[in-house]
Amino acid sequence: MMKTTAALLLAAPLLFGGTVAQALGSDYSYDTFKTPDSVSWVQLCGTWGKDHQGTYRVVHADQYAQSFLYVQWMTRDANGGLHAEHTVAIAELDNDHAEIALTDITCRATPRGIVVTAKADSGHDDKLRRVTIEVGPAAGQYRYRAQRTR
């Protein structure tokens, strides 16, 4: 009985046209990598860590007629996939009463982290023109500055 079972297991790939040997890859649909519809901009920018092994990722979303901005400290796993080690929400923007919409977002690397800048339009104050967010080097550390016209 044992010899018969072993013979069937060995013969199975031949009986099914070798499908076991040919099933080396898988197709991945868009849903595998899908992001929320409100995410409008994602940018990798700059590096962090003792040996610069990590990278920053900036995520911008539009919801309720305003912007939400998040910065992530990303690392790669053994297979090369990116994973967020830490995520910080920019508190000055990420609440439902901020009413600040960002456009023309840019990110640049600095020796200490990254600097994110954007044009800003406020539902509360028509004098707000630009925001600057200096991020890093420590996880969760950032400085927010709003620049206004006179």
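A residue counts as buried when its relative accessible area is under 20%. In this predicted model, Ala120 has a relative accessible area of 8%, so Ala120 is buried.

**Around Ala120**

Ala120 belongs to strand β6, residues 113-122. Thr132 sits twelve residues from Ala120 along the chain, and their C-alpha atoms are 9.9 Å apart.

**The open sheet**

Four strands make up an open sheet, ordered β1-β2-β3-β4, with antiparallel pairing. β1 and β4 are the edge strands; each has a single partner strand, so one side of each lacks a neighbour in the sheet. From one strand to the next, the twist averages 25°. Eight bridges join β1 to β2 in the antiparallel sense. Trp48 has Gly54, in β2, as its bridge partner.

| β1 | 39-48 |
| β2 | 54-63 |
| β3 | 66-76 |
| β4 | 82-89 |

**The nonpolar core**

The largest nonpolar core holds 22 residues. Which of them touch the most other members? They are Leu69, Val71, Leu93, Leu102, Ile114 and Ile133. Two or more core residues come from each of β1, β2, β3, β5 (100-110), β6 and β7 (128-135).

Beyond residues up to four places away in sequence, Leu69 touches Leu93, Leu102 and Ile133, among others. Its contacts also include Val58, Val59, His60, Val88, Ala89 and Ile90. Asp94 and Val116 touch Leu69 as well.

Definitions and conventions
Residues numbered from 1 in each chain as written. Predicted model: local features only at pLDDT ≥ 70, side-chain atom pairs only at ≥ 80, totals over all residues. Heavy atoms only, no water. Pairing = 2+ DSSP bridges. Axes fitted to C-alpha atoms, helices over the stretch in contact; angles between N-to-C directions. Buried < 20%, exposed > 50% of the residue type's maximum accessible area, 1.4 Å probe, protein only. Core = buried A, V, L, I, M, F, W, Y, C linked by side-chain atoms within 4.5 Å. Contact = heavy atoms within 4.5 Å.
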